[in-house]
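Subject: Handover of a two-chain model

Dear colleague,

Please find below the structure that I am handing over to you.

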Amino acid sequence: MSLAWPILRALAVQFSLLSLLAFGGANAVIPEIHRQSVAVHHWMTDKDFAALFAIAQSAPGPNFLISTLVGWKAAGIPGALVATAAMCSPSCLLTFWAVKAWDRHHDHPWRTAIGAGIAPVTVGLVFSSAYVLVRAADSSWRLGLVTAATAAIVYFTKLNPLWCLAAAALLGLTGVFGTP
Amino acid sequence: MAAARPRTIFLVFLAIALQGFGGVLPFARRALVDRRAWLTPDDFNETLSLCQSLPGPNIVNLSIAVGARACGWRGSLAAVAGLVGAPVVIVIILGVLYGQFGGLQLVQRAIIGLAAAAAGLVIATAARMAEPLLKRRALTAAPFILGGFVAVGVFRLPLPYVLLALAPLSIAIMWKRPA
């Protein structure tokens, strides 16, 4: 397979920028990843994105794995590796530096203010992610019901979310949601 | 803590990653605080809140911090490699399988259900994150939650501009009247 350099470059640029904007983790930047990969670069459709997100959620590990899959869809295995490295490296370097600085000077008021100030914006972004995913995934009222039930169960109980994912996949197998 | 070598750190974070279906944090706490005692419960909370106020996945940032304190950049590198390596390989395999068999009707049916549930999971996460903020300081938090949601979710404005517009204002308010 020949390497698609322009795509790899686009992935590297996009995800290293998102890495530094991902306050609260990858869930906060889902709308931007979606916008770039569907509307700007046309690497995939809305439905593909929802499917890849679902796959990333059902794998073990940290929640930035959607970037790995977007990279894979855009440019195969090299794309997956480039996107993953780009999504991790800038924020890791920043954290490494910040931990060193933090251990030298404790309790700076600016740090508390930044943390507290960014928190509500981050929450708004995670709601945006949910909205984008609902729009992509819920093409019928039955699917909307699955989304609502999962949200309620995970919010109100301590049940491992994987059970909801497994149950929804099994329900899907029976064909109640139709076939695309 | 001082005794931990990069190899040990790598293996501990590898184990954490592989257990972490649907959320790695509980497993990280168990391994680092309860089993290894690399961090006290207070250390853990403090380090986590530092990691949460930085960009990037909290758990990846946490691994960087734990590794750095144990043995500098080698520790950080070992921790991240342990945490990220195996899940990336697994998810690529899942992606390849989806590419091979994603066209099959059965797989497509299952994925439709899975995607709907995954969207619900994110709603619950957002609600959990919003709850303490709205309880403690609804007046200073709600406008920014709503602003972020409307700008990025509904109007699909590019994220960097939205952050540049909202974050400094929110931080300034928190600077004037700490939560």
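The notes below take the chains first, then the contact between them, and then selected residues.

This is a predicted model, in which local features need pLDDT of at least 70 and side-chain atom pairs count only at pLDDT 80 or more, while totals for chains, interfaces and linings use all residues. Residues are numbered from 1 along each chain as its sequence is written, and chains are lettered from A and ligands numbered from 1 in the order in which they are written.

The two chains

Chain A has 7 helices and 0 strands; helices (H or I, at least four residues) and strands (E, at least two) are DSSP runs, numbered from the N terminus. The elements of chain A run α-α-α-α-α-α-α from the N terminus on. Its C-alpha trace spans about 60 × 50 × 25 Å along the principal axes. Of the 180 residues in chain A, 58% are buried, where a residue is buried if 20 or more other C-beta atoms lie within 10 Å of its own, exposed if 12 or fewer, and partly exposed in between, with C-beta atoms placed from the backbone. Among contacts in chain A with a separation of 6 or more, 63% are between residues 24 or more positions apart; two residues are in contact if their C-beta atoms, placed from the backbone, lie within 7 Å.

Chain B has 6 helices and 0 strands, in the pattern α-α-α-α-α-α along the sequence. The C-alpha trace of chain B spans about 55 × 45 × 25 Å along its principal axes. The radius of gyration of chain B is 20 Å, whereas a compact globule of 179 residues would have one near 16 Å; the radius is taken over C-alpha atoms, and the globule rule is 2.2 Å times the number of residues to the power 0.38. In chain B, 48% of the 179 residues count as buried. Residues 24 or more positions apart account for 44% of the chain B contacts with a separation of 6 or more.

The contact between the chains

In total, 91 residues of chain A are in contact with 84 residues of chain B. On the side of chain A that touches chain B, H1 (5–21), H2 (30–40), H3, H4 (65–104), H5 (109–137), H6 (141–156) and H7 (161–173) each supply at least two residues. H5(A) gives the most to that side, with 24 residues. The residues of this side divide into 63 nonpolar, 23 polar and 5 charged; Ala, Val, Leu, Ile, Met, Phe, Trp, Tyr, Cys and Pro count as nonpolar, Asp, Glu, Lys and Arg as charged, and the others, Gly among them, as polar.

Helix H3 (residues 46–58) of chain A packs against helix H5 (residues 105–154) of chain B at an angle of about 70 degrees, with the axes 8 Å apart; axes are lines fitted to C-alpha atoms, for helices over the stretch in contact, and angles run from 0 to 180 degrees between N-to-C directions. H3(A) is therefore roughly perpendicular to H5(B), a term for angles of 65 to 115 degrees. H3(A) contributes A:Ala50, A:Ala51, A:Phe53, A:Ala54, A:Gln57 and A:Ser58 to the contact, and H5(B) contributes B:Ile111, B:Leu114, B:Ala115, B:Ala118 and B:Leu121. These residues divide into 9 nonpolar, 2 polar and no charged.

Core and selected residues

The largest nonpolar core has 131 residues, and those with the most contacts inside it are A:Ile66, A:Leu133 and B:Ala115; such a core is a set of buried Ala, Val, Leu, Ile, Met, Phe, Trp, Tyr and Cys residues joined through C-beta atoms within 7 Å. H5(B) gives the most to this core, with 23 residues. Beyond four places in sequence, A:Leu133 touches A:Ile30, A:Ala50, A:Phe53, B:Ala118, B:Ala119 and B:Val122.

A:His34 lies in helix H2 of chain A and is buried, with 25 other C-beta atoms within 10 Å. Leaving aside neighbours within four places in sequence, A:His34 is in contact with A:Phe49 and A:Val132.

B:Pro57 is in the loop between helix H3 (41–52) and helix H4 (58–101) of chain B. Residues up to four places away in sequence not counted, B:Pro57 touches A:Gly25, A:Ala26, A:Pro62, A:Asn63 and A:Phe64.

With kind regards

Note on methods
Parallel < 35°, antiparallel > 145°, perpendicular 65-115°, else oblique.
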